[in-house]
Structures are given as structure tokens and as C-alpha cells.
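Here is a friendly walk through one structure, meant to be read with the model open beside you.

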Amino acid sequence: MKMLLNGVWTDAEDGATIQVVNSATQEKIDTVPQATRADVERAIDAAQEGKKIWAATPVHERCRILYRCADAIDARREELARSLSTEMGKIIREARGEIRVCAQIFRGFAEAAAHQYGKTLTDYQIGTEKDILFTRHEPLGVVACISPFNYPVELASQKIAAALAAGNAVIVKPATDNPLTLMTIIGLCVAEGVPGSVLQVITGRGGTVGDVLALSPRINAISLTGSTEVGLAVAQKAMGTLKRVFMELGGNDPFIVLEDADLEKSVQAAVSGRLQNAGQTCCSPKRFIVHESLHDAFVQGLQEAFKQVKQGSPLEDDTEYGCLISPRAAQEVERQVRLTVEQGAALVCGGHAYNATYFEPTILDHVTLDMDAARDLEIFGPVFPILTFKTDEEAVAIANATQYGLQGGVMTRSMERAMRVAAGLQCGGVVINASGNYRHLEQPFGGWKMSGLGREGVSVTLSEMSQEKTYILKNVL
């Protein structure tokens, strides 16, 4: 598959390619261009014209095109879902949901753009009685969208649809491991009326494509979802030109089970939250902080629940648990498990990769705060580190003992306790009586501390993707 630059499907300047494989079988699916720096500059050149065209396009016309994009995505939902499942290992049921949400996001931002209002300011300041001041939202210019492998369609859509709805030109850099479905969707959007200079997709290594985008003074904003390490590197480069930077980064999210919680529901929430997408979700629960009185029953409940989970081909409708994105990812999770055991944790079950990219659901018991997994080690796989506590205050302290602060979950029968614990958690969102693995497309999603900058969602992103300009009519009354 070729990348889409200025409306033309094209190869890299030097013809270099990157192979894309089926995550579950490791069979080759296709190749994509490995863009050069010159290719990235070509995309930026085209975007300079694109931003003028799109900013001059009336809001009603932009919205009409975005609605058409959503309809085109919906019309090919099954095809796109199977493509996503194949290139990523996401089970087909979850892939269908991701494509459906993608179309909803396009519609949501179109509707939000149609009702994005400015302000009229008062004459509260003495001497301004004859002036009229009002504000308008205007585009930033060119927005670079860097998307991750774990939700390559949904998370890219949050960026692309918002930037387009606000009137910006967009350059998309998809994840290297699984770019194909997103590239197809971008092709659909261009076919439905988004000008080729307004929406482009460029494939390649982050060290080349990402660096050029971050350093270029002709890029006005970067929206990135990825690891904290990558986010820091991109942000440091971007600050040289003071471009806007929106970052949704890593997490080591707590799942707190208070002693009055419903044990069965707690186990169910833990398993569904952690095993979704094979554990490759930024806001999935990654530290299970369980009251000491429930510890034994909770661990036993997890083991019993694992036996009921059907593992298999991601493309089979009855599969409940798929594979990781790559052998490299599976090996890294195995290394992290081994490190935690070396630091003193007990391996209750699992702990090993198999069939290259699959990983056994794993319980690490007796985890303590001096272990990396209890603090800043984000394990991106189906691993359940178990910590215990005696008091609510201790649970909150354990939960906050990390550089991250994305989301969290609290299990309890008492809404008063739930709200008190939630108020004490240092994170961007807290889910009561479920895990933190939750995202509403309208939600101002994002983290505290090293989990990111800014918020993303239909309710907030248009403002971040636009500039508020004040028009001052002096002495007109």
C-alpha cells in the first residue's frame, strides 16, 4: 500500500518499504513506504496550500464532508474491522467496535463544529463603553497527528476529525506495525471530498517522520498518543518552534478493591478491563490494589475466570482474547514479568509468551511498593500485579505512588467512600465500580503528571485545535 501525499498514492522517494505482517500468524500482509525526510517535506509543502483551502471552506461544507466520511466508514465496517483484526491481533468483536466508534467520532466533531460559538464581551472596563468586542475560533494551520498501534483507528480519528472540523490541514503518521486500516480510512475521506492537500498520510520510522514534523516551523501543532518516552522526545523538539503539543501518554492505572466491594463484580471488572485488547490499553488497570481481607478470594477468582476465557484466532467471532502486536512486544512483557519476580513477587500463573505473539494471562502476587511494577513500570500486556492494603488512605497512597496519572477504578458498595477515594486519586478520570478502562467519545480524556498534556474528546478538542481571536470594534456605539 502506498502513502497518500497531496492526493496521490505514492512510494517513498528512494523506494524503501516496511513490511506489515499479520500479528497472530506473522505472515506478510503488505508493505508500506519508508518515507524519507524529503517525503515529509513534500507533505508539509502540500499542507501549506491545503490549510488555506480548508480554512476558507465554510463550516457547513466541512461538516457535510465529515458526515460523508462517517457514512463511508460505516458502509465498509466489516471489511475495515477484519483488516484491523488481521494487522493488529485485536479480536474481531473489538475491531468492529473500534470502527463503529471511528464513524461516531467523525459525526461528533462535525456536530460540535456546527455549534462552536464565540463570545461577546461586556463594557465592564471603564472607557470601553463605545467598543464592541467579540471572538471567533480560527484554525491553527497544519496539525500533525501521530497515532499509536493499540487503537490505531479510534485514537487517530479523535485527532483527525477534530483537526479537520476546526479547519486545519492534517498530516497523519500512523503506527509502523499496523498502518493499513487507518490508511484505507484516510483514502475514503479524500474520496468523499476532503482535499488531498488537506489530509495526507505518511508512513515510516518515527525517528525520521516524527522528527521532521516535530522540528518543522511549518507544523503548527502535534497531537500524539504513545509512550511517555516518545512523547517527551517529541515535545522537546516541538518546543523549539513553540507549536502546540497535545499528548496522551503512558499509564500504570490503579484498580482499588475496598473491603465492602462485591467480589464477583470486582473480579469480572478486573479481567474484562485488563484482558481487553490483550492488555494493550493505556487506561487499562495495571496495578490491582486489593484490601487484605479479600486478597485470597480475589486471586482465586482471577484464576477461575482465566479458565473461562476463550483464546484463539482474532478473526473468530467467539474468540475473547487475542495476541500482542508483535513478538518483540511479547518478549518485553515476559522480561517485565521476570524482573518483577526477581524483585520478590510470586508468579501465581502464566508469565510466558507462546506462538510468538500470544501471552498467558499472568498473576504476580505479593507485589510491594519497592518493585518497579508497583510504581513506574507500565506492563503493556495481560499481567495482574497484586498489592494489598489495610485502610482507604493507604490504598490512595499506593495508587498515587507513580509518575503516571491517567485513569483509575474503585470498587465499593459505598458511594460516599467511592467519591472520597476518587477525590484523592491523582489522575484524569476515575471509574466507580468498574476498571479505569473506559473512554466516552465526548469525555475530556487525558492524564495528570507524566501521562500527558491536554485533553481529547468531542467536548474539548475543537478548542485545542483552534485559535481564539478577538475582534475589537473601537468607538462604534
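Helix α9 buries Ser266, Val267, Ala269, Ala270, Val271, Gly273, Arg274 and Leu275, where buried means under 20% relative accessible area, exposed over 50%, and partly exposed in between (1.4 Å probe, protein chains only). Before going on, please note that this is a predicted model, in which local features need pLDDT of at least 70, side-chain atom pairs count only at pLDDT 80 or more, and totals for chains, interfaces and linings use all residues. Residues are numbered from 1 along each chain as its sequence is written, and side-chain values use heavy atoms, with hydrogens and water left out.

Helices (H or I, at least four residues) and strands (E, at least two) are DSSP runs, numbered from the N terminus. The cover over the buried residues of α9 includes β12, β13, α10 (295-308), β18 and β20; contact here means heavy atoms within 4.5 Å. With its 13 residues, α9 spans 18 Å from first C-alpha to last, close to the 18 Å expected at 1.5 Å a residue; that expected span is 1.5 Å times one less than the number of residues. At the start of α9, a side-chain oxygen of Asp262 comes to within 3.1 Å of the backbone nitrogen of Glu264. Just after the helix, Asn277 has a positive phi of about 55°.

What is the strand order of the open sheet of seven strands? The order is β14-β17-β18-β13-β12-β20-β21, with mixed pairing; two strands pair if DSSP finds at least two bridges between them. β14 (346-349) and β21 (429-432) are the edge strands, each with a single partner, so one side of each has no neighbour in the sheet. From one strand to the next the twist averages 25°. Axes are lines fitted to C-alpha atoms, for helices over the stretch in contact, and angles run from 0 to 180 degrees between N-to-C directions.

Helix α9 (residues 263-275) packs on this sheet, where it touches β12 (253-257), β13, β18 and β20 (407-411), and its direction makes about 165° with that of β13. Another helix, α11 (residues 327-342), lies across β14, β17 (362-365) and β18, and runs at about 20° to β17.

| Strand pair | Direction | Bridges |
|---|---|---|
| β13 (residues 285-291) and β18 (residues 383-389) | parallel | four |
| β5 (residues 120-121) and β6 (residues 132-139) | antiparallel | two |
| β6 and β24 (residues 466-473) | antiparallel | eight |

Within these pairs, Ile289 stands opposite Leu387 in β18. Leu133 in β6 is the bridge partner of Leu121, and the bridge partner of Leu133 in β24 is Ile472.

## The nonpolar cores

A nonpolar core is a set of buried Ala, Val, Leu, Ile, Met, Phe, Trp, Tyr and Cys residues joined through side-chain atoms within 4.5 Å. The largest one has 110 residues, of which Phe106, Ile160, Phe298 and Leu302 touch the most other members. Helix α4 (residues 92-114) gives the largest share of this core, twelve residues. Leu302 is in contact with Val267, Ala270, Val271, Ile363, Phe384 and Ile386, leaving aside neighbours within four places in sequence. A second, separate core of 27 residues includes Met3, Val212, Ala214 and Val234. In soluble globular proteins, nonpolar side chains tend to be buried together.

Glu378 sits in the loop between β17 and β18. Is Glu378 buried or exposed? With 17% relative accessibility, Glu378 counts as buried. Its side chain reaches the backbone nitrogen of Gly251 at 3.2 Å, a polar contact being a pair of N or O atoms within 3.5 Å; within protein, one must be able to donate a hydrogen and the other to accept it, and residues adjacent in sequence count only if both atoms are side-chain atoms. Beyond four places in sequence, the contacts of Glu378 are Gly250, Gly251, Cys282, Lys286, Gln336 and Tyr404.

Ser326, in the loop between α10 and α11, is buried too, with a relative accessible area of 7%. The side chain of Ser326 reaches the backbone nitrogen of Ala329 at 3.1 Å. Not counting residues up to four places away in sequence, Ser326 touches Ala356 and Thr357.

Pro195 belongs to the loop between α6 (180-191) and β9 (199-201) and is partly exposed, with a relative accessible area of 23%. Pro195 and Trp54 are 141 residues apart in sequence, yet 8.0 Å apart in space, C-alpha to C-alpha.
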